[in-house]
Amino acid sequence: MKVVVIGSGYVGLVTGACLSDFGLNVTCVDVDKEKIAMLKRGEIPIYEPGLKEIVEKNQKAGRLFFEVKGDEPISEADVVFLAVGTPPKDDGSAEMKYIFSAVETFSKNHKKYQVLVTKSTVPVGTGERIEEIVAQEHSKETFSVASNPEFLREGCAVSDFMNPDRIVIGCNDQKGLKVLLDLYEPMRKANAPILVTDRTSAELIKYASNAFLAVKISFINEMSRLAEKAKADISKIALGMGMDKRIGPSFLLPGPGYGGSCFPKDTKALLKIASDFGVPLRIVESSVIANEEQAKFAVEKIVKNLPKNCENPTIAILGLAFKGGTDDVRESPSLKICKDLMEKGFKLKCYDPEASVNALKEIESLNVVPSIMDACKDSDIVVIATEWNEFKTIDLKAVKEVMATPVIVDLRNLLDREKAIEEGFKYDSIGKVFE
Ligand code: UGA
């Protein structure tokens, strides 16, 4: 089976590479010439563990290709995935111009029966619109339009693709459905649950899932603020809640708020979609507000913990990525915190194992340093803003020696409080007050 993936960003690239690993012939297409040139050389434009190896292996095996012009592979493909970006517009709705331009390219090269599949997160009803567009030029018998949303997390996208909780296929006709079931047959054999549904429900499953996870995070973040006031311990509360199978233990880690290219964008897009249908989504609305407040709450916590009679305090920020395991800083709570602190006139020294280059593209004047120790040297407070594994095993003794005053604000609850105090630090985290 021949597959084309239009859009070689994080979703398209991971999807294309992993499908080729299942033995399919895959061409990833992207208008970005530089990106395609890099990929042809075996260089990966994003930080994603395991991706480089899979790309290399399948390129060598002659079943994974990268092209700027996709005309020929598109005309020969059995399945064409749309994995281009749908960035947010000012009103929160998804920008659809890249999707429709890719649909045009598909339509121009469409010569035999093909299945066109949306992988990108697209507003409800997009499948129908795509079908109408292609049907202006071609008979409806010659193509199917399906929705197959992705549920990959950055930082573990390859393993998420290989071991999915579910594969959702939204297709309104049996012919298209059969092609997609054949495509995913190797994964079904490897026990991946497949949910077959109609196209619109599949489109909405994606938004509903991301919005629900965002709600879960905002819920635990608000609960952590209450826990601090009530002198309770949020980690025990999350543990106790998560032991109830109906709630589940994951996505109950409090922090500086959710970020990334998905939750902030998708919650807002869902609100716009729902409002267009005249349906208010109060819970999602509140989760967006709570998330905005959480970054401000983190800044207040940092300022509150600054040593009292320190005139020009220096703040060390550990972690700039929106979460650990990625170089992505889109909607990163850490960067929001940095901006806020800089506006308040504080001097910062920031370190991130992978995201420094991207952070500097967002905030040019950010003071980025090359190591944890450089950030901590002469600082009055160290803030853990991203849950990188290397911060969990930080050498507290060495850090204390180089700091001006030993204060830690752990916004990801990564460190062992007792250990930090034993080493002589003043330690504050999220959702538990220590007095
Ligand atoms: C998210 C979803 O988890 C994926 O299933 C989905 O496919 C993806 O969006 C997408 O729509 O493309 P991702 O944005 O990579 O994946 O990141 P997550 O691991 O979900 O984390 C999102 C944010 O929530 C991060 O800022 C993270 O630090 C925060 N988070 C997560 C918490 O604050 N607490 C938690 O318990 C979990």
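Okay, let's start at the ligand: one of its oxygen atoms sits 3.0 Å from a backbone N or O atom of F151. I'm listing polar contacts here, meaning pairs of N or O atoms within 3.5 Å. Next, a polar backbone atom of G259 is 2.9 Å from a ligand oxygen, and the side chain of E150 places an N or O atom 2.8 Å from an oxygen of the ligand. On its own the ligand would expose 720 Å², and the protein buries 93% of that; those areas are Shrake-Rupley values with a 1.4 Å probe.

Quick caveats: this is a predicted model, where local features need pLDDT of at least 70, side-chain atom pairs count only at pLDDT 80 or more, and totals for chains, interfaces and linings use all residues. Numbering runs from 1 along each chain as its sequence is written, and side-chain values use heavy atoms, with hydrogens and water left out.

So, who surrounds the ligand? There are 20 residues, the closest being L152, E154, K206, N210 and C262, where near means a heavy atom within 4 Å. By class, that's 10 nonpolar, 2 polar and 8 charged, with Gly counted as polar and Cys as nonpolar. Which element gives the largest share of the shell? That's α10, with 3 residues; helices here are DSSP runs of H or I, at least four residues.

Now the domains. An automatic or database assignment gives domain 1 (2-197), domain 2 (207-290) and domain 3 (296-429). The centres of domain 1 and domain 2 are 29 Å apart over C-alpha atoms. Together they bury about 900 Å², 63% of it on carbon and sulfur atoms; that's the accessible area (1.4 Å probe) lost on being put together, summed over both.

Key. Polar contact = N/O pair within 3.5 Å; in protein donor to acceptor, adjacent residues only side chain to side chain. Helix = DSSP H or I, 4+ residues; strand = E, 2+ residues; numbered from the N terminus. Buried area = accessible area lost by both parts, 1.4 Å probe.
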